[in-house]
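Hello,

Here is the structure I promised to pass on. Have a look at it first, then read my notes below.

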Amino acid sequence: MKKLVVLAASILLCTLAQAQGADDSGTSAGITIIPRIDYNPVFYDGKFEEATLGNSSLYSLFEGDISDKLSFSICNHWLSTDPKPLYQNTWRSDDVNWCDWAYLEYYPGNFILTAGKQVVTFGGFELEQNDYEIHWDMMSSLYNYFQCYQWGLKAGWMNDAESTGFFLQAVSSPYGEKPFNAMSYSFQYQGNYGPLSLLYSTNMIDNWDGGYEWMFSLGHQLEVGDWTLGVDFTNMVGDPEVILRRGVSIFGTAKLNPSDHWEFVGRAGFEHAHNQNLDNGIFGVAAHWFPLRNSQNLRIHVAAAHQHLFNMNSLTIGAMYYLNIPRNR
């Protein structure tokens, strides 16, 4: 594994050197630094319990093109509200660490091959959002408790119109303490048909008992004018102790973008764990304001969420900024 990391680092350093001096070679590289600061008061049973820093964090996104058929992407999570585990967990696959993903992607013709640390292809459109963008209290338990960044391979095919795609993936399972101690296998169908987008996936995930957890996900998204409407269904719910529990998870999302300066989001979901007979309803609304002229680099946000199971209410107020270091060509 160490040799793999050294090799990947060498490739990326060479890529940067090429990008700095390349004019027409097709190579490029760019870095985005993403700091976020939140204030997050939380109430249980109507009483103030604590004030946290919410999703306060520091990320960086380093990506570019090595050639017209080969690209790379690295997302690093440098700081969180509890940064120590990020570095203690460096070589663990059952928890988050300072490297969210780091992969090479090769795309000759209609085929796509991805190698490295990547997102497990499961869930619906909820999983398409980056961690630094979301409000934790509005997300499903699956999003919060399933460690979705794993080392492995993914191969896929897209038609010429890029409207239909099929993907196979083999990556580490979050049930394994170290990469490749256990495996997860996935099949995903992607469809983009005008205003309608689909994400359907099947996952076979090694568990602690030497068997497999079968997870099925159906994601739907529809764009209607300034609105984006989505519904995600999964036959699993997340659990902080056992990772996955069989059950039902269904979430609906409505997003309104009336202008370049405003975005409004509403979410409602229901989760049921069969073996514990636990039901939870999650509701949330958020407003995102982009005050800069001709730019959405700065986001001021306010969000409120309710979780029925814990009788919890929370409020999040904060800001996030995208500091772009432009690509060189």
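With which side chain does the side chain of Asp 137 make a polar contact? The partner is the side chain of Ser 314, at 2.6 Å. A polar contact is a pair of N or O atoms within 3.5 Å; within protein, one must be able to donate a hydrogen and the other to accept it, and residues adjacent in sequence count only if both atoms are side-chain atoms.

Two notes on the source. This is a predicted model, where local features need pLDDT of at least 70 and side-chain atom pairs count only at pLDDT 80 or more, while totals for chains, interfaces and linings use all residues. Residues are numbered from 1 along each chain as its sequence is written, and side-chain values use heavy atoms, with hydrogens and water left out.

Back to Asp 137. It sits in the loop between strand 6 (111-119) and helix 3 (141-145). Helices (H or I, at least four residues) and strands (E, at least two) are DSSP runs, numbered from the N terminus. Asp 137 is buried, meaning under 20% relative accessible area (1.4 Å probe, protein chains only).

Now strand 4 (residues 70-79). Seven of its ten residues are buried. It pairs with strand 3 (residues 57-65) in the antiparallel sense, over eight bridges. Pairing takes at least two DSSP bridges. Four residues lie between the two strands of this hairpin.

Best wishes

Technical notes: Buried < 20%, exposed > 50% of the residue type's maximum accessible area, 1.4 Å probe, protein only. Lys, Arg positive; Asp, Glu negative; His and termini not counted. Salt bridge = Lys/Arg side-chain N within 4 Å of Asp/Glu carboxyl O.
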